[in-house]
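Visitor: I'd like a close look at one part of this model, please. Take me through it slowly.

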Protein chains: 2
Amino acid sequence: MSEALPSWREGPTRAAIVEFIDAVTTEGSPDFVPPEGRVAVFDNDGTLWTEKPMVVQLHYVLQQWKAAAEADPSLAEKQPYQAAVSGDLAWLGAAVDKHYAGDDSDLGLIIAAVSAASAGSSVEEYEASVAAFFRDARHMTMDRSYAHTVYQPMVELIRLLDAHDFRTYIVSGGERDFMRLIAQDYYGIPTQRVVGTGLGLEYDAEHNVVRYKSALAFFDDGPEKPVRIWMRTGRRPILAAGNSNGDVPMLRFAQGNPRSLALLVNHDDDTDRGDAPYSKGAEKAIEAAPAHGFTVISVRDDWSQVFPADSQQG
Amino acid sequence: MSEALPSWREGPTRAAIVEFIDAVTTEGSPDFVPPEGRVAVFDNDGTLWTEKPMVVQLHYVLQQWKAAAEADPSLAEKQPYQAAVSGDLAWLGAAVDKHYAGDDSDLGLIIAAVSAASAGSSVEEYEASVAAFFRDARHMTMDRSYAHTVYQPMVELIRLLDAHDFRTYIVSGGERDFMRLIAQDYYGIPTQRVVGTGLGLEYDAEHNVVRYKSALAFFDDGPEKPVRIWMRTGRRPILAAGNSNGDVPMLRFAQGNPRSLALLVNHDDDTDRGDAPYSKGAEKAIEAAPAHGFTVISVRDDWSQVFPADSQQG
């Protein structure tokens with residue numbers, strides 16, 4: 001595996017990954033796991049691609065909210081539509097800060113408006129809407145398409161796992177069907193392996209379509225992640241990777257195996273490579289890492305590049 | 001494909017299946033579907049294996065209920081525990097008849113008792129319990145293990161679809177994790193492709209396990225089947241197979257594709273091959289078959305054998 005993971009610097013983190021894959025895939029190894037048990041789960045925002053200045057899904061729904069407020073001006077007086085119309089995103093940032101401080105009042109408004117944006121649409125209509133977004137959208141601060149905001153080292157890790165007969169899943173607090181539109185193209189992860197927050201769904205027999213209802217069905221974060229992993233796979237994964245407090249239960253769940261690898265991406269990059277350092281929402285995970293034996297990935301030290309090499313042309 | 005499907009008699013049903021697979025998997029065909037879109041969904045009870053004299057899961061929970069009533073004699077005075085202790089299964093049959101007549105009062109008692117049987121168990125404890133059941137259990141009227149109550153022609157169909165790069169799923173009203181214990185061994189369908197009714201789950205951080213709660217999370221039947229298929233796969237399947245009224249939405253959902261195959265198993269077998277004729281719970285599906293263009297599989301006419309050839313030794 002010496003030529004694998006070219007965007008990872010030599011060091012203990014890369015060595016731990018290579019050693020783990022070798023141990024669980026080498027027949028005769030005491031830690032050998034047959035292919036059917038090789039399940040690896042990855043958080044998405046902040047783990048597989050950038051989540052700054054805001055999660056990508058929020059960029060999409062801001063466009064939807066703005067359009068909704070243009071169609072119904074009374075909405076523009078209410079949050080989060082007001083923020084979307086004015087382009088003043090401070091309210092959204094404050095809502096997230098309140099969430100981290102334990103106050104979900106504004107987050108509730110955001111979740112309700114996220115659900116409202118797709119309510120009544122068929123899954124196919126939503127697919128077309130999200131696909132159109134990804135065709136045109138540019139990252140808000142970096143001059144590139146979202147295809148070029150993926151973390152190149154993590155894509156290389158997924159490729160290495162593929163080559164060793166792992167099944168890789170996304171397990172994210174982001175909305176499932178939104179991520180499905182890019183998971184194959186950006187990461188090589190097929191739609192059936194995307195697990196995320198679920199908008200309520202119902203079958204419309206008259207039109208023979210599945211439609212979104214007006215409320216969230218479940219929020220796939222924290223202790224919900226192990227539950228959703230079990231529902232989807234019927235397995236306890238042997239590798240889990242995340243970057244925030246909400247990923248701790250998923251990392252711990254993987255660690256219930258005799259041999260496992262729990263990876264925590266630490267956004268400590270203070271260079272000018274495009275992903276600013278931050279730890280908000282990850283403090284507990286980083287603090288707990290030594291006690292739990294999480295393998296911490298330092299973006300600054302372990303990755304020789306963050307984004308794909310051709311990002312400037314993206 | 002002339003040597004495929006050896007337990008299927010020559011005739012229009014077998015020909016329709018072979019022609020469909022050929023049309024969607026031959027490059028250059030106007031109906032060609034790339035491998036990622038080749039999703040096939042199968043109901044389980046009555047479609048892939050016998051459901052008479054009762055669905056197999058009920059055999060398992062009867063044992064659990066009997067054990068629970070022995071541990072707590074007060075339970076033995078209540079249904080469905082009373083039926084389990086006495087071995088008088090007429091009450092259960094009557095409950096199902098009431099369900100078909102639109103009265104789910106007794107079904108509610110059964111569902112509550114099914115949930116109670118696993119409440120508090122970890123998913124691993126439940127796996128061990130169900131695995132022990134399948135090691136020892138014999139079919140209630142036919143002298144064989146449940147491994148020998150699968151429908152051999154349907155297993156051959158799954159193998160043929162595998163050989164043509166389909167992904168086959170079980171989509172059943174039966175409980176998901178119960179079916180997962182046998183899906184690979186009996187049908188060659190892996191755990192991540194088993195969709196079914198879900199018992200409520202929660203993550204127990206202290207013990208690092210996922211546990212069953214005391215209530216059902218959702219019942220995967222009728223209009224819920226297309227919803228659960230979408231959640232699991234992010235696709236509209238191109239082949240669906242079922243045998244009852246509750247499968248009609250799933251068959252119709254598949255038919256929303258430009259080319260699809262909707263199969264309805266009709267239990268019209270009046271020979272002595274072991275699966276008695278019945279249509280209860282399937283009347284509407286059979287009646288609607290011509291209008292909807294379902295391909296009806298006659299157990300009597302289309303299958304040269306129902307169960308695997310070595311069933312008598314099972």
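Which residues in α6(B) meet which residues in α8(B)?

Guide: Happy to. First, the ground rules: this is a predicted model, where local features need pLDDT of at least 70, side-chain atom pairs count only at pLDDT 80 or more, and totals for chains, interfaces and linings use all residues. Residues are numbered from 1 along each chain as its sequence is written, chains are lettered from A and ligands numbered from 1 in the order in which they are written, and side-chain values use heavy atoms, with hydrogens and water left out.

Now your contact. From α6(B) come B:Val123, B:Tyr126, B:Glu127, B:Val130, B:Ala131, B:Phe133 and B:Phe134, and they meet B:Asp177, B:Phe178, B:Leu181, B:Ile182 and B:Tyr186 of α8(B); contact here means heavy atoms within 4.5 Å. Sorted by class, that contact has ten nonpolar, no polar and two charged residues (Ala, Val, Leu, Ile, Met, Phe, Trp, Tyr, Cys and Pro count as nonpolar, Asp, Glu, Lys and Arg as charged, and the others, Gly among them, as polar).

As for the geometry, α6 of chain B spans residues 123-136 and α8 of chain B spans residues 176-187. Helices are DSSP runs (H or I, at least four residues), numbered from the N terminus. The two pack at an angle of about 55°, with their axes 9 Å apart; axes are lines fitted to C-alpha atoms, for helices over the stretch in contact, and angles run from 0 to 180 degrees between N-to-C directions. α6(B) and α8(B) are therefore oblique to each other (angles under 35 degrees count as roughly parallel, over 145 as roughly antiparallel, 65 to 115 as roughly perpendicular and the rest as oblique). Their crossing is right-handed, meaning that the near helix is turned clockwise from the far one by less than a right angle.

Zooming out, chain B also touches chain A: 34 residues of chain B are in contact with 34 residues of chain A. The chains bury about 2700 Å² between them, 54% of it on carbon and sulfur atoms (buried area is the accessible area, with a 1.4 Å probe, that two parts lose on being put together, summed over both). On the chain B side, B:Tyr203, B:Trp230 and B:Met231 lose the most area to chain A, together 25% of what that side buries. The copies meet through the same surface, because 100% of the interface residues of chain B are also interface residues in chain A.
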